[in-house]
Amino acid sequence: MSSFLFAVNAVAPIIGLVALGYVLKRIGLMKADFAKAANKLVFRVFLPATLFLNVYKITDFGAVDLRYIIYALAMTFALFLIALPVAVLTTKTPDRRGPLMQVTFRSNYALVGLPLAQSLFGEAGILFASLLSAAAIPLFNILAVISLSLFRRDGKKPSVKSILLGIVKNPLILSIGAGLVTLLIRSLFVKTGIAFRLTDIYPVYRVLEYLSNLATPLALLALGAQFEFSAVKELRREIIAGVLMRNILAPILGIGCAFLFFRNQFSGAHFATFVALFATPVAVSSLPMAQEMGGDAELAGQYVVWTTLISALTIFVASMLLKSAGVF
């Protein structure tokens, strides 16, 4: 029951902010144009600040176990490969295929996954989950750029060059790269005995924190302001396929294969990280990214809402099964 209550508590604020955004739209305080502009700001300013700080706050690379990181990245890439034919077979509308691929492999790891890993396995859980984020979040964004570039609303055939440029110019990937460079500089300072840190430039660091704190609430309010229940009927086929991929296939493949084949190699903290990565809903950032890159933003928003609702049950079942098997 505690796992279920945690899962509910983890996703309830997300749904609450979406609902508030919907109410604000209905009473005329949040227009569709404002919501679209907010998504642009989230994608280009607020989320990059969040990802930069997430990378910069990693403190102990000495604890890295490459086996679980390689496994997690391999499973994420496997989900991407599975999603490609599923997306093509599920819908004939090109700009819906990118969001369907995104929902399959891209989880809400930063917002729900990291605190979930800590809840499941304490400090060891959050440590391993934080270390994995430095590799998983860049992979999410690279695969998302590829997915959305392959199937665009304008129907243009993507070239390898355009996809690579999309990856290199993506604000989320650039911010992660900047975070890694800053982290490297900090490590060099530590080795050479230099006491200076980015946190010493207090106004700059505080501004980054302010921007980061805006990212998720604003993205969820904008989602609520763009959400339409009337779209469910038209998008029903795609919504069902995406929910099944995110809430059923991803946890079965990602967590199940780890248990069946690598039970003796991975600890409880590792499995807490896998639950955080594979059992959580699709990332909130998938909506502004789909909107910016010509994907079906309506479908991407529907995925955030429905996978978040169902993920409470998915997280509970995964946690309960692992506890009964003696992993936690």
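By the rule used here, there is one cavity of 30 Å³ or more, where a cavity is a set of points on a 1 Å grid over the protein atoms alone at which a 1.4 Å probe fits but cannot get out. This is a predicted model, in which local features need pLDDT of at least 70 and side-chain atom pairs count only at pLDDT 80 or more, while totals for chains, interfaces and linings use all residues. Residues are numbered from 1 along each chain as its sequence is written, and side-chain values use heavy atoms, with hydrogens and water left out.

The largest cavity has a volume of about 40 Å³, a volume being the space filled by probe spheres set on the grid points, which are joined across faces, edges and corners. Its lining, meaning the residues with an atom within 4 Å of a point, includes Leu51, Asn54, Ser133 and Ile176. Helix 2 and helix 5 are the elements that give two or more residues to this lining, and helix 5 has the largest share, with four residues. Helices here are DSSP runs (H or I, at least four residues), numbered from the N terminus.

A pocket, in contrast to a cavity, is an open set of points with protein on both sides within 12 Å along at least five of seven lines. In the table, Ala, Val, Leu, Ile, Met, Phe, Trp, Tyr, Cys and Pro count as nonpolar, Asp, Glu, Lys and Arg as charged, and the others, Gly among them, as polar.

| Space | Volume | Lining residues by class |
|---|---|---|
| Largest pocket | about 560 Å³ | 18 nonpolar, 11 polar, three charged |
| Second largest pocket | about 350 Å³ | 12 nonpolar, three polar, no charged |
| Largest cavity | about 40 Å³ | seven nonpolar, two polar, no charged |

The largest pocket is lined by 32 residues, and Thr50, Asn54, Ala110, Leu111 and Ile137 lie nearest its centre. Helix 2 (32–56), helix 5 (109–150) and helix 8 (202–226) each supply at least two residues of that lining, with helix 5 giving the most, 12 residues. For the second largest pocket, helix 10 (236–262) and helix 13 (297–324) each supply at least two lining residues.

Helix 8 bends by about 30 degrees at alanine 215, with proline 217 following within four residues; the bend is the angle between axes fitted to the seven residues ending there and the seven starting there.
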